[in-house]
Amino acid sequence: STWFSLWISAIAAGGALVMGTAAAFAIGRDRFLGRRAAMIVLITPLIVPHMVIALALFLAVAPYGLSSGPLGFLLAYAVFGVPYVLIIVSAGLQKLDGSLQQAAASLGAAPVVALRTITLPLLLPSLLSAFGFAFLAAFDDLVVALFFSSPQFTTLSMRIWDDIREEISPMVAVVSVLIFATILMLVSIKAAINRYF
């Protein structure tokens with residue numbers, strides 16, 4: 001369950017990062033009719049209760065047989081991750097100096113080259129933060145797992161939920177300690193890097 005949660009969350013967060021970043025560029029850079037409406041639609045998963053969206057997604061993918069496999073999880077978690085990416089990358093784009101791209105264009109850089117060599121490296125902190133939030137939103141989710149889990153594909157949160165409801169075992173405490181220790185280790189490494197480098 002842990003391995004399944006890790007890889008499904010990482011792939012879904014990557015998909016959400018691509019879609020949310022493209023949407024942030026479109027909404028942040030272009031002025032088109034319905035721009036605000038598009039923004040509201042894309043951040044709807046943060047506004048509407050997760051149970052409603054999870055049920056709607058389940059009913060949408062169930063006729064195609066995707067409700068009990070990894071693809072259903074990927075689609076659902078990508079939908080839930082897009083709003084986080086959109087908001088964080090949009091904030092990063094607002095702080096970005098547009099004159100740098102204009103300077104690159106004036107020196108002969110193609111738009112794709114300017115995007116790859118200037119814009120994306122400057123947006124890297126925002127992109128990493130957005131990926132982290134999308135990953136955590138997927139990894140920590142229980143609502144989608146209630147609809148999409150099957151005996152072969154169960155997330156860690158669903159496994160913990162089942163263990164709490166159906167049996168008394170030390171597994172939940174062990175998993176909690178491991179997650180806490182991992183977070184503590186990452187924070188300690190970050191603090192050491194900031195202090196000595």
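Trainee: Starting with Phe73, is it buried or exposed?
Mentor: Phe73 is buried, with a relative accessible area of 0%. Buried means under 20% relative accessible area, exposed means over 50%, and partly exposed is what lies in between, using a 1.4 Å probe and the protein chains only.

Trainee: What kind of model is this?
Mentor: This is a predicted model, in which local features need pLDDT of at least 70 and side-chain atom pairs count only at pLDDT 80 or more, while totals for chains, interfaces and linings use all residues. Residues are numbered from 1 along each chain as its sequence is written, and side-chain values use heavy atoms, with hydrogens and water left out.

Trainee: How many aromatic pairs are there in the whole structure?
Mentor: A search of the whole structure gives 10 aromatic pairs. In one of them, Phe73 and Tyr77 are tilted, at 5.8 Å centre to centre with 40° between the planes. Rings of Phe, Tyr and Trp (its six-membered ring) pair if their centres lie within 6.5 Å; planes under 30 degrees apart are stacked, over 60 edge-to-face, and the rest tilted.

Trainee: Where are Phe73 and Tyr77?
Mentor: Both are in helix 5 (residues 70–95), and they are separated by about one helical turn because they are 4 residues apart. Helices are DSSP runs (H or I, at least four residues) and strands likewise (E, at least two), numbered from the N terminus. Tyr77 is buried too, at 2% relative accessible area.

Trainee: And Tyr84 with Phe133, what sort of pair is that?
Mentor: Tyr84 and Phe133 are stacked, 6.4 Å centre to centre and 15° between the planes. Tyr84 is in helix 5 and Phe133 in helix 8, so this pair ties together parts that are 49 residues apart in sequence. Tyr84 counts as partly exposed at 25% relative accessibility, and Phe133 as partly exposed at 46%.

Trainee: New topic. In the largest nonpolar core, which residues touch the most other members?
Mentor: Those are Val85, Leu86, Val89 and Leu93, out of 24 residues in that core. Two or more residues come from each of helix 1 (2–29), helix 5, helix 8, helix 10 (156–166) and helix 11. Helix 1 gives the largest share, 7 residues. Another core, of 17 residues, lies apart from it and includes Ile53, Ala138, Val144 and Met158. A nonpolar core is a set of buried Ala, Val, Leu, Ile, Met, Phe, Trp, Tyr and Cys residues joined through side-chain atoms within 4.5 Å.

Trainee: What is Leu86 in contact with?
Mentor: Leaving aside neighbours within four places in sequence, Leu86 is in contact with Gly20, Ala23, Ala24, Ile27, Met39, Leu42 and Ile43. Contact means heavy atoms within 4.5 Å.

Trainee: How about Asp141, buried or exposed?
Mentor: Asp141 is buried, with a relative accessible area of 7%. Asp141 sits in the loop between helix 8 (124–139) and helix 9 (143–148). Not counting residues up to four places away in sequence, Asp141 touches His50, Tyr77, Thr155 and Ser157.

Trainee: Then Ser90, where is that?
Mentor: Ser90 is in helix 5. Ser90 is buried, with a relative accessible area of 14%.

Trainee: Last one: is Tyr196 buried or exposed?
Mentor: Tyr196 is exposed, with a relative accessible area of 60%. Tyr196 lies in helix 11 (residues 171–196).
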